[in-house]
Amino acid sequence: QALRLREGRAKAAGGLASAITDEIQALGFAHGSFSVGLNESEPGASGMDAVEFGFAPNVGEPSRPLRAIASSGEISRVMLATKAVLAGHDRIPVMIFDEIDANVGGEMGTAVGRKLAEVAENHQVICITHLPQVAVFGRHHLAVRKSVRGERTVTEVEPLAEPARVEEVARMLGGRDLTSVALKHAREMLAGVPRA
């Protein structure tokens, strides 16, 4: 059984690596690559292979174990790429991404938001983000705020519709002072995202 499992893994490894490589390149690693290595291990409940994911984020660098070299921002994008590839094959109805955009900004934030929207075509996606470039891609926007009442911390969740959503995106862009420039930028960002 372990040998049959190894055969199946060997057949799938190249296609998986290639598909994830395509996705990470769309998420800002223009020359990056992802690999799947199979090394023999002691037989156990999951077979007799130690599966090692490899990652080379830049040109001229060899693939090294993802767990050893990737920064938190890189790990976030590789995980999103992996979920995007697997989304069409799994039966997980809800995916939760908690700050998937860690250490990502601007242009990459938009790429992450777009990729999350693609994954949301087949799954319910819940995304916790502080990045307006990601937030604008959501179909529903909830603002989460904490406050202290008496001696207790209270969390409030508020669904946002226009114009509150515009104001929240503007706040994410520029802080509490909602300038006309921040509001205009927020409106433009929201208008630039295709809606289903």
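1. Helices, as the word is used in this note, are DSSP runs of at least four residues, numbered from the N terminus, and the model in which they are found is a predicted one. Helix H4 is the element that gives the most to the lining of the largest pocket, with six residues.

2. That pocket holds about 1,300 Å³ of space. Its lining is made up of 40 residues, among which Cys127, Val134, Ala135, Gly138 and His140 are the closest to the centre. Two or more lining residues come from each of helix H4 (106-119), strand S5, helix H5 (132-135), strand S6 (141-149) and helix H6 (164-174).

3. From Ala17 it is 110 residues away in sequence, while the C-alpha atoms of Cys127 and Ala17 are 25 Å apart in space.

4. At least two residues of the patch are supplied by strand S4 (94-98), and at least two by strand S5 (124-128). Ile128, which is found in strand S5, counts as partly exposed because its relative accessibility is 36%.

5. Turning to charged pairs, the structure holds 11 salt bridges. In one of them Asp49 is joined to Arg6, with 2.6 Å between the closest N and O atoms. Because Asp49 lies in strand S2 (residues 47-56) and Arg6 in helix H1 (residues 2-26), this pair ties together parts that are 43 residues apart in sequence. Asp49 and Arg6 are both buried.

6. Strand S2 is also the place of Glu52, whose partner Arg67 lies in helix H2 (residues 66-69), so that the two tie together parts 15 residues apart in sequence. The side chains of Glu52 and Arg67 meet in a salt bridge at 2.9 Å, N to O. Glu52 is partly exposed, with a relative accessible area of 23%, whereas Arg67, at 66%, is exposed.

7. Within helix H4, Lys115 and Glu118 are separated by about one helical turn, because they are three residues apart. Their salt bridge has its closest N and O atoms 3.0 Å apart. Lys115 counts as buried at 7% relative accessibility, while Glu118, at 36%, counts as partly exposed.

8. Finally, Arg145, Glu158, Glu168 and Arg171 are linked with one another in a network of salt bridges.

Note on methods:
Residues numbered from 1 in each chain as written. Predicted model: local features only at pLDDT ≥ 70, side-chain atom pairs only at ≥ 80, totals over all residues. Heavy atoms only, no water. Buried < 20%, exposed > 50% of the residue type's maximum accessible area, 1.4 Å probe, protein only. 1 Å grid on protein atoms, 1.4 Å probe; cavity = no way out; pocket = protein on both sides within 12 Å on 5 of 7 lines; lining within 4 Å. Points joined across faces, edges and corners; volume = space filled by probe spheres on them. Salt bridge = Lys/Arg side-chain N within 4 Å of Asp/Glu carboxyl O.
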